[in-house]
Amino acid sequence: MKTGKPAGISEKVIRLLEVYTMIAQKQFPSVQLLKDHFRVSERSVYRYLEIINMIDAIEFDQERKGYKFTNGDRIKKVVLSDNELLVLFAASEAVSHLGDSVGRSFQDLVSRVAVATKKPGAKEKIPIVVKIPEAAGNEKTSDYFNIVSACLNERRAVEILYRAQHTKEVTTRLVDPYGMVFYDGVWTAVGYCHLRKDIRTFAFDRIIDLKERNLYFEPKKEFSFEEYLSRSWGIVEDEEVRIKLRFNAKVADYVLRKKWHPSEERKVLPDGDVEMTYKVAGVDEIKLWIYSWLPNVEILEPAWLRRQAASELSAALKKHN
């Protein structure tokens, strides 16, 4: 995921917009909070507040110990068009699968910024369904999501007590979170692990305990979130492998209707079969996808993966006989 400010916009302007938004959202930011958040001097914070006050009057709320707008709310609700309502319904349906914490936050956001006008005779619910796996986890998953989100925003480390998937080893990790991914029904945090001295992914459902730490960090400049995710088939990172597959003509239309991975290369053969080539970091995840196309797929390369599949499918065949 590429970060950075839009071209032509100074860091100061971005900070002013962020302070304005915090006040508009009734977060009641204090001078100390803004000083710590932006890592600037107290003088700079007062300058930001002075500029905002020139645009729209603000005052200090003695009860909440932070700043607010003198003349009330500055974030106005908007009335949605029919097409915007459809998008909102679809987004709401998709978000409902991502877990309670995300669902509640989405509904809160909608209620704060949008007004859905109801026309006479309109249906209560438009039949839109987004089929994705429900979020896996336990009663602590929502807490983990909120903590990691806050630490991501403030660039603070988290301390994780983690159980590894294969070895079942339990270790304590200090992690600088770089981002979160929802994949195949599981939320994962991606970040720099100080124990392993490398970028790692941590599935929320394998976290035993998670605590926020007041240890600030700067993400590694050479790290790209998008590039990191583009290497694996899903989220598991391993050695890069070039995989060549051949799909039967019977499933060609299904295989060709979308691009399955950024590295994909495709070739339609004279008999209608399709050859697909991928470069992925690790084979465990793509192998499950390959098996989902049986019996209409053949692994052509690498030879060792072809042998491995033959062995696993032979074992499965014995069980079914």
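**Note on a predicted structure: cores, spaces and salt bridges**

1. Not counting residues up to four places away in sequence, Leu 210 touches Tyr 144, Ile 147, Val 148, Val 158, Glu 159 and Ile 160. Contact here means heavy atoms within 4.5 Å. The model is a predicted one, in which local features need pLDDT of at least 70, side-chain atom pairs count only at pLDDT 80 or more, and totals for chains, interfaces and linings use all residues. Residues are numbered from 1 along each chain as its sequence is written, and side-chain values use heavy atoms, with hydrogens and water left out.

2. The largest nonpolar core has 23 residues, and those touching the most other members are Ile 160, Trp 187, Phe 204, Ile 207 and Leu 210. At least two residues of this core come from each of helix H5 (100-113), helix H6 (141-154), S5, S6, S7, strand S8 (198-203) and strand S9 (207-216). Another core, of 21 residues, lies apart from it and has Trp 233, Val 241, Phe 247 and Val 280 among its members. A nonpolar core is a set of buried Ala, Val, Leu, Ile, Met, Phe, Trp, Tyr and Cys residues joined through side-chain atoms within 4.5 Å. Buried means under 20% relative accessible area, exposed over 50%, and partly exposed in between (1.4 Å probe, protein chains only). Helices (H or I, at least four residues) and strands (E, at least two) are DSSP runs, numbered from the N terminus.

3. Where is empty space left? Rolling a probe the size of a water molecule over the atoms shows this. On a 1 Å grid over the protein atoms alone, a cavity is a set of points where a 1.4 Å probe fits but cannot get out, whereas a pocket is an open set with protein on both sides within 12 Å along at least five of seven lines; lining residues have an atom within 4 Å of a point. Grid points are joined across faces, edges and corners, and a volume is the space filled by probe spheres set on the points.

4. By this rule there is one cavity of 30 Å³ or more, and the largest cavity holds about 30 Å³ of space. Its lining consists of Val 148, Val 158, Ile 160, Val 175, Pro 177, Ala 189, Val 190, Gly 191 and Leu 210. Strand S5 (156-163), S6 and strand S7 (186-193) each supply at least two of the lining residues, and S7 gives the most, with three. By type, the lining has eight nonpolar residues, one polar and no charged. For this division, Ala, Val, Leu, Ile, Met, Phe, Trp, Tyr, Cys and Pro count as nonpolar, Asp, Glu, Lys and Arg as charged, and the others, Gly among them, as polar.

5. The largest pocket contains about 1400 Å³ of space. It is lined by 46 residues, of which Gln 165, Thr 201, Ile 235, Val 236 and Glu 237 are the closest to its centre. S6, S7, S8, helix H7 (225-231) and H9 each supply at least two lining residues, and S8 gives the most, with six. The lining divides into 20 nonpolar, nine polar and 17 charged residues.

6. Leaving out residues up to four places away in sequence, Thr 172 touches Glu 159, Ile 160, Leu 161 and Leu 195.

7. In helix H9 (residues 284-291), the buried residues are Glu 285, Ile 286, Lys 287, Trp 289 and Ile 290. These pack against S6, strand S10 (240-247), strand S12 (274-281), strand S13 (297-301) and helix H10 (303-320).

8. The model has 18 salt bridges, a salt bridge being a side-chain nitrogen of Lys or Arg within 4 Å of a carboxyl oxygen of Asp or Glu. In one of them, Glu 275 pairs with Lys 244, the closest N and O atoms being 3.6 Å apart. Glu 275 lies in strand S12 and Lys 244 in strand S10, so the pair ties together parts that are 31 residues apart in sequence. Glu 275 is buried, with a relative accessible area of 14%.

9. Asp 273 and Arg 246 also meet in a salt bridge through their side chains (3.0 Å, N to O). This pair links distant parts of the chain, 27 residues apart: Asp 273 is in the loop between strand S11 (265-268) and S12, and Arg 246 is in strand S10. Asp 273 counts as buried at 14% relative accessibility, whereas Arg 246 is partly exposed at 26%.
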